[in-house]
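Okay, thanks for making time, everyone.

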Amino acid sequence: MQPRNMSMSGVVDLAAVKAAGEAKAKAEQARAEAARQVAEGGAPASAGAVPPSALVIDVDEAGFERDVLQLSAEVPVILDFWAEWCEPCKQLSPLLERLTVEANGRLLLAKVDVDSNQMLMQQFQIQGIPAVFAVVAGQVLPLFQGVAPEQEIRATLAQLVQVAEERFGIIGIEVDPDAEGPAGGPAAEAEAPAGPYDALLEAAVVALDAGDLGGAVQAYKNVLADDPANTEARLGLAQAELLARVRDMNPQAVRAAAAEKPQDPAAQIAAADLDLVGGHVEDAFGRLVDTVRVTAGSDRDAVRVRLLELFEVIGADDPRVAAARTALARVLF
């Protein structure tokens, strides 16, 4: 499939980073600060400069918000969905890496191994790989699927850079070719010391990457046993438990059961899990709120508890969670 023309129509808002206007204001402020420093006879500050090696990263579900959504307010992020067994991926990925580095900070490439990140694959509705998307100011743009000629990919990425700057005011990040990467040197020395739970949290991420959902669940629980308020562990546990629940589901059978039994708590709970994994957050919340409305006793309580667990997956600060909490309160009280 050839790369499609870039267009802002049909953009999917992930509602997880600042709005486009805020991203544009931030970029304009950065430009103004750089201009001020030059006018005063100095060079723009380079404290935030990154080495070229930092322009290509591996990203997983646990780090997606930090490494993709948040960074997309500063630089367009290309998402490369790939797998080790995918031969076309072995042609496309090196090309994307080279073009990203050539862009010199105007692009960031985030590589997603679909075998280790099934939730992301489902959320982006990936039908085949390689598949390439872009995220700009928290909004998703589908670019192309399959391998395309370098000239066409280069043109598509150039248009992406143009859209990011003209529509969102995003100008990219500064690159220092002399900076050393994460393997050693000053950048490595400047890393903060490991926190008390970093090893356990890292073990959970490693387990998730390996598809060991049970191991990830236990690692997060180990953190929470000592630190019940640990936000990262709570979010990770909720996500790992959700993935474990849906892994062996038959989506067609689950959705058929939910349609046939609109008042059955178990059927609606299972369908809500699938809704959330598929990225249909409001549908999942609405389904469970409606089920709470038509149930009572232990059935109602089971649905309410699952809804609270799904709130943990999305995060308390998400406006969709706040809206669903209000709707739940109206039903309960």
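Predicted model: local features only at pLDDT ≥ 70, side-chain atom pairs only at ≥ 80, totals over all residues.

Residues are numbered from 1 along each chain as its sequence is written, and side-chain values use heavy atoms, with hydrogens and water left out.

So, the overall picture. The chain has 14 helices and six strands; those are DSSP runs numbered from the N terminus, H or I with at least four residues for helices, E with at least two for strands. Of the 333 residues, 43% are buried. Buried here is under 20% relative accessible area, exposed is over 50%, and partly exposed is in between, with a 1.4 Å probe and protein chains only. The accessible surface comes to about 16,900 Å², and 52% of that belongs to carbon and sulfur atoms. That area is Shrake-Rupley with a 1.4 Å probe; for residues, only the protein chains shown count as cover. On contacts, meaning heavy atoms within 4.5 Å: among those with a separation of 6 or more, 71% come from residues 24 or more positions apart.

Now the rings. How many aromatic pairs does the structure hold? Five. Rings of Phe, Tyr and Trp (its six-membered ring) pair if their centres lie within 6.5 Å; planes under 30 degrees apart are stacked, over 60 edge-to-face, and the rest tilted. One of the pairs is Phe64 with Phe124, edge-to-face, 6.0 Å centre to centre with 70 degrees between the planes. That pair links distant parts of the chain, 60 residues apart: Phe64 is in helix H2 (residues 64-70), and Phe124 is in the loop between helix H4 (118-123) and strand S5 (131-136). Phe64 has a relative accessible area of 7%, so Phe64 is buried; Phe124 has 11%, so Phe124 is buried as well. Phe124 also pairs edge-to-face with Phe133, at 5.2 Å between centres and 70 degrees between planes, and Phe133 is buried too.

The charged end of Lys111 sits over the ring of Trp82, 5.4 Å from its centre. The rule is NZ of Lys or CZ of Arg within 6 Å of the ring centre and within 35 degrees of the ring normal.

On to sulfur. A disulfide here is a pair of cysteine sulfur atoms within 2.5 Å, and by that rule the count comes to one. The disulfide joins Cys86 to Cys89, with S to S at 2.4 Å. The torsion about the S-S bond of Cys86 and Cys89 is about 80 degrees, so the disulfide is right-handed. Both Cys86 and Cys89 are buried.

That brings us to helix H3, residues 87-102. What does the buried side of H3 pack against? Strand S3 (77-82), strand S4 (108-113), S5, strand S6 (139-145) and helix H5 (150-168). The buried residues of H3 include Cys89, Leu92 and Thr100. Thr100 has a relative accessible area of 0%, so Thr100 is buried. Leaving aside neighbours within four places in sequence, Thr100 is in contact with Leu55, Ile78, Leu107, Leu108 and Leu109. Glu87, also in H3, is partly exposed at 48% relative accessible area.

Last, backbone details. A cis peptide bond joins Ile129 and Pro130, with omega about 0 degrees. Pro130 lies in the loop between H4 and S5, and its C-alpha is 9.2 Å from that of Glu87, 43 residues apart along the chain. Gln125, in the loop between H4 and S5, has a positive phi of about 55 degrees although Gln125 is not a glycine. Asn104 has a positive phi of about 55 degrees, again without being a glycine. Asn104 lies in the loop between H3 and S4, and at 49% relative accessibility Asn104 counts as partly exposed.
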